[in-house]
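Hi everyone, thanks for coming. Let's have a look together at the structure on the screen.

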Amino acid sequence: MSEVIALKGSVLSLSVLKVFSDDFAKVKAVLTNKVAQAPDFFKALPIVIEPEVSPLAPMFLAQLVELLHQQNMMPVGVRTADPQLIEQAEYAGLAVFEPVKVSAEKVDKADQADKSRAASSAASADTPDQGALMVKTAVRSGQQVYAKGRDLIVTAAINPGAEVVADGHIHVYGKAKGKIFAGSNGNRQARIFVQQLDAEMVCIAGLYQMAEDIKPEYKQGWVEICLQQDRLVFNLL
Amino acid sequence: MARVIVVTSGKGGVGKTTTSASFAAGLAQKGFKVAVIDFDVGLRNLDLIMGCERRVVYDFVNVVQGEASIKQALIKDKRVDNLFILAASQTRDKDALTQEGVGKVIEDLRADGFDYVICDSPAGIEKGAQLALFYADEAVVVTNPEVSSVRDSDRILGILQAKSKRAIEGDDPIVEHLVLTRYNPNRVQAGEMLAMEDVVELLNIKLLGVVPESEDVLQASNSGLPVILTEGVSASEAYKDIVDRFLGEDKPQRFLSVEHKSLFKKWFGK
Ligand SMILES: Nc1ncnc2c1ncn2[C@@H]1O[C@H](COP(=O)(O)OP(=O)(O)OP(=O)(O)O)[C@@H](O)[C@H]1O
Ligand SMILES: [Mg+2]
């Protein structure tokens, strides 16, 4: 008999929306503004809400979920340990995730990523099925490029403090010194090809390696990075 | 038609105001009619470096707020013909400048027949710096040979390419120039500072010139004189080259290597 369903554990990469204000009007204004800057990036994006303030008004979470839907995002859960919030989450039909204790270093980096994403001003992909997104000028510190649902080809440098993200493969004809995220929607087949790798971070489908863990021999010339059994594998080309 | 040039950097204290003063004075010496505007509201530095702080009656904010006309506020330089300074306000806060107000001032300067409007940007990448670069046709990005300064310049280049009027309206992009200043070849050789080639490679924009680290700069500023007007010092020569290259002259880069005297000392002891 063929399998009808299978239940498997899986690590997915989800975007976390941290909420630092209990003033819903303010949150609404800031969020709406941010989405307006890059609507494609946020479209259908699964979101986990992580409130950093408490207590929140009884209707806060419900209002926020409604707002996220209006802005075409997909709220899927709440990350909290606060019993009141857990109750609100259940009422709103959201999954509850346990907060994770992360090391100071990771918090820092996450913050940085948040910031550069917020400051992101570079091109993002418009419509899918157009082949790869081509970027011909340097991606500079503080900029993020996102190739949604497609590959990304960069024919210039990716400078320190810049981020390039693609749901598909990423090809870099130049020096890559910033952060590179391929398969960002969870595609484990995605690969990264770089002419000269000196990246702050490389990441495929949520599995990443930081600069200090990348062996010097892979920083010499063309290199391919792929994911094999939850490990990033580097090959010189 | 006036060209608007922003002098910007991201990082503070790298030499924007020094460069604005000398660049503006150098262009005026060539016969162009030049206005240099201090966008650093609340700090006011340019008028000190230009030596006209006692002659400030009305400032940039007064003009933007309609309290004075541009003619009333422009201070004519006493040494160089065709050079005019628009000082920043020391007493007002940063929010006193608005985009429309700045746009109006630039229009007025255009109508007045200025060839160049130099905008001395405040440090940072926030509102003040974005206002200073918004109307720019060209940008002089001032960088020191160190990692944090280069990183900030990279950042400001990204902002020039995304948030300027030209970028937003899809016009021809802002013309970008690099000025690498406070360059100390000894420290570059010792590996304590980035080499010119590394900075140019990373930022990947055209190098207008290298200004050496020199005590003459501080001395000139203290006496209220743009360093370009001091004769016979390297920083002055460097800024003259920068003006010439900006105007299209092809001059080889200078001030990149260790002076012979010190090399001599290194080889043969004192
Ligand atoms: N080539 C140089 N050699 C030595 N000192 C220099 C040089 N250029 C600038 N300086 C000094 O560096 C300091 C900062 O210069 P300046 O005020 O021009 O920088 P700035 O970028 O305008 O600063 P801010 O961001 O505060 O506006 C001053 O003391 C100045 O004298
Ligand atoms: Mg200054």
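Let's start with A:Asp167, which sits in the loop between strand 8 (163-166) and strand 9 (170-176) of chain A. Strands here are DSSP runs of E with at least two residues, helices are runs of H or I with at least four residues, and both are numbered from the N terminus. A quick word on the source: this is a predicted model, where local features need pLDDT of at least 70 and side-chain atom pairs count only at pLDDT 80 or more, while totals for chains, interfaces and linings use all residues. Residues are numbered from 1 along each chain as its sequence is written, chains are lettered from A and ligands numbered from 1 in the order in which they are written, and side-chain values use heavy atoms, leaving out hydrogens and water.

A salt bridge needs a side-chain nitrogen of Lys or Arg within 4 Å of a carboxyl oxygen of Asp or Glu.

A:Asp167 does have a polar contact of 3.0 Å, side chain to side chain, with A:Tyr146. A polar contact is a pair of N or O atoms within 3.5 Å; within protein, one must be able to donate a hydrogen and the other to accept it, and residues adjacent in sequence count only if both atoms are side-chain atoms.

Now to where the chains meet: 12 residues of chain B are in contact (heavy atoms within 4.5 Å) with 12 residues of chain A. Between chain B and chain A there are three salt bridges. In a salt bridge of 2.7 Å, N to O, the side chain of B:Asp154 meets that of A:Arg140. On the side of chain B that touches chain A, helix 7 (147-163) and helix 10 (196-203) of chain B each give two or more residues. Helix 7 of chain B gives the most, with seven residues.

Last stop, A:Cys226, in strand 14 (residues 223-228) of chain A. Is A:Cys226 buried or exposed? A:Cys226 is buried, because its relative accessible area is 3%.

Note on methods
Buried means under 20% relative accessible area, exposed over 50%, partly exposed in between (1.4 Å probe, protein chains only).
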